[in-house]
Amino acid sequence: MEVESSASVERLLAAFGDEAYWRARLATFGNGTATLDALKVDATNTVTVAITLNLLTDRLPRVITQLRRGDLEMVRSERWSLTADGRVHGDLTATVPGAPLSMVGEALITPADRGSRLDYAASVDVRVPLVGGKIESFIAGQAGKEIAAIQRFTTDWIAADR
């Protein structure tokens with residue numbers, strides 16, 4: 001998928017390295033259950049972040065809640081780095097400990113006429129016979145909606161002159 005933003009590549013990377021941004025993002029998208037586990041910005045401005053999100057059973061489709069009783073926990077990591085040609089490369093992962101599902105994504109943020117463009121591709125792996133494909137489709141659909149919503153949130157957060 002691809003999503004446009006009026007924010008520049010540099011401003012997006014700066015937001016990703018700002019703890020206030022992550023606190024606001026998790027408050028908006030974490031349903032009050034997300035935690036910022038780690039945020040590191042190294043000397044090359046590479047940003048590494050880890051978050052944990054509790055997936056409340058009452059908000060998940062039945063096909064997913066059948067995998068395991070009780071609420072599930074998703075552990076996500078993102079790594080954003082500036083490339084030599086002025087783009088930002090992102091590696092994203094998500095796992096659900098104790099459940100046979102994971103997601104791996106790759107993003108590239110490039111300069112565009114009116115700001116930047118995020119290109120994102122991901123693969124979802126659910127190792128459950130018979131219903132794995134249904135779960136993969138659900139997660140892929142949700143991830144696509146979430147990526148677009150997060151990009152809009154980030155653009156708005158930056159536009160608020162932060």
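1. Residues 24 or more positions apart make up 48% of the contacts in the protein chain with a separation of 6 or more, a contact being heavy atoms within 4.5 Å. Keep in mind that this is a predicted model, where local features need pLDDT of at least 70 and side-chain atom pairs count only at pLDDT 80 or more, while totals for chains, interfaces and linings use all residues. Numbering starts from 1 along each chain as its sequence is written, and side-chain values use heavy atoms, with hydrogens and water left out.

2. On the overall layout, the protein chain has four helices and seven strands, in the order β-α-α-β-β-α-β-β-β-β-α along the sequence. Helices (H or I, at least four residues) and strands (E, at least two) are DSSP runs, numbered from the N terminus.

3. Of the 162 residues in the protein chain, 40% count as buried; that is under 20% relative accessible area, with exposed over 50% and partly exposed in between (1.4 Å probe, protein chains only). The accessible surface of the protein chain is about 8,800 Å², and carbon and sulfur atoms own 52% of that. Those areas come from the Shrake-Rupley method with a 1.4 Å probe, and for residues only the protein chains shown count as cover.

4. E1 and E7 run antiparallel, joined by four bridges (strands pair if DSSP finds at least two bridges between them). Val 3 has Leu 118 as its bridge partner in E7.

5. Now the cavities: the whole structure holds two of 30 Å³ or more. A cavity here is a set of points, on a 1 Å grid over the protein atoms alone, where a 1.4 Å probe fits but cannot get out; lining residues have an atom within 4 Å of a point. Grid points are joined across faces, edges and corners, and a volume is the space filled by probe spheres set on the points.

6. The largest cavity has about 110 Å³ of space. It is lined by 14 residues, and Trp 80, Leu 118, Ile 147, Ile 150 and Gln 151 are the closest to its centre. Helix H2 (19-29), E4, strand E7 (115-126) and helix H4 (132-159) each give two or more residues to this lining, with H4 giving the most, at four. By class, the lining of the largest cavity is nine nonpolar, two polar and three charged. For the classes, Ala, Val, Leu, Ile, Met, Phe, Trp, Tyr, Cys and Pro are nonpolar, Asp, Glu, Lys and Arg charged, and the others, Gly among them, polar.

7. The second largest cavity comes to about 80 Å³. Its lining includes Arg 25, Leu 26, Phe 29, Arg 76, Glu 146 and Ile 150. H2, strand E3 (47-55) and H4 each supply at least two lining residues, and H2 gives the most, with three. Six nonpolar, one polar and three charged residues make up this lining.

8. Ser 81 sits in strand E4 (residues 72-82) and counts as buried because its relative accessibility is 13%. Beyond its neighbours within four places in sequence, Ser 81 touches Thr 46, Arg 87, Val 88 and His 89. Thr 155, in helix H4, is buried because its relative accessibility is 11%. Leaving out neighbours within four places in sequence, Thr 155 contacts Ser 5, Ser 6 and Ala 7.

Technical notes. 1 Å grid on protein atoms, 1.4 Å probe; cavity = no way out; pocket = protein on both sides within 12 Å on 5 of 7 lines; lining within 4 Å.
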